[in-house]
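Work through the exercises below with the structure in view, and try each task before you read its solution.

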Amino acid sequence: MRIAFLSAPEGVEQVELTEPWQAAKDAGHEPVLVSTQSGEIQGFNHLDKADTFPVDEVVGDTSADSFGGLVLPGGVANPDFLRMDEKAVAFVRDFFRQGRPVAAICHAPWTLVEADVVRGRVLTSWPSLRTDLGNAGATWVDEQVKVCDHGDNVLITSRKPDDLKAFCETFLAEFAKAGG
């Protein structure tokens, strides 16, 4: 399965990109780094700059049609940048409209709020998003990983980097069920 990993040009929490990426690769999938600009993205270890990663595809030049699933890494700035980019928001929304699985960790659900795809869904996130998610019509739970199938697609969410092992295992299992 081709899996899109959507990230802004900077602000992604590096471990929330690299661990799911490696897990997908180890499971035989093809991870593809999609961003709002070509070139490289800048990873962060919390607030400190970390490594850079080459962008494979630009969000305005690709579509959900060419992927089996979507992973949204967190970081505080990453989803904030993404939710301000209309093409990135539309890209995310298309995965939901097409019934394709989506996995999001930490602050990444901010982009889901902007795409208006959390209404009626049950999910988890970094705790500071609880009010935003509730205001957008979602039910927030404090769980290591949450799988929600109350919609046209499956949505897998986790709270933080400490949840990465469970997040990776769960999204890979759910993506496989969805047709991977």
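**Exercises on a helix and its surroundings**

Helix 1 lies across strand 2, strand 4 and strand 5, and its direction makes an angle of about 55° with strand 2. Keep in mind throughout that the model is predicted.

**Exercise 1.** Determine in what order the three strands form their sheet, and which strands stand at the edges.

*Solution.* Begin with the order, which is 2-4-5 in an open sheet whose pairing is mixed. Next, look at strand 2 (10-13) and strand 5 (48-54), which stand at the edges and have a single partner strand each, so one side of each is left without a neighbour in the sheet. From one strand to the next, the twist averages 40°. Finally, turn to the pairing of strand 2 with strand 4 (residues 40-45), which is in the parallel sense and runs over three bridges; in strand 4, F44 is the bridge partner of E13.

**Exercise 2.** Describe how helix 1 and helix 6 are oriented to each other, and find which residues meet.

*Solution.* First take the axes of helix 1 (residues 14-26) and helix 6 (residues 164-177), which come within 10 Å and cross at roughly 40°. The two helices are therefore oblique to each other, and helix 1 passes helix 6 in a right-handed crossing. Then list the contact: from helix 1, V15, E16, E19, P20, A23 and A24 meet L164, F167, C168, F171 and L172 of helix 6.

How values were computed:
Residues are numbered from 1 along each chain as its sequence is written. This is a predicted model: local features need pLDDT of at least 70, side-chain atom pairs count only at pLDDT 80 or more; totals for chains, interfaces and linings use all residues. Side-chain values use heavy atoms; hydrogens and water are left out. Axes are lines fitted to C-alpha atoms, for helices over the stretch in contact, and angles run from 0 to 180 degrees between N-to-C directions. Helices (H or I, at least four residues) and strands (E, at least two) are DSSP runs, numbered from the N terminus. Angles under 35 degrees count as roughly parallel, over 145 as roughly antiparallel, 65 to 115 as roughly perpendicular and the rest as oblique. A crossing is left-handed if the near helix is turned anticlockwise from the far one by less than a right angle, and right-handed if clockwise. Contact means heavy atoms within 4.5 Å. Two strands pair if DSSP finds at least two bridges between them.
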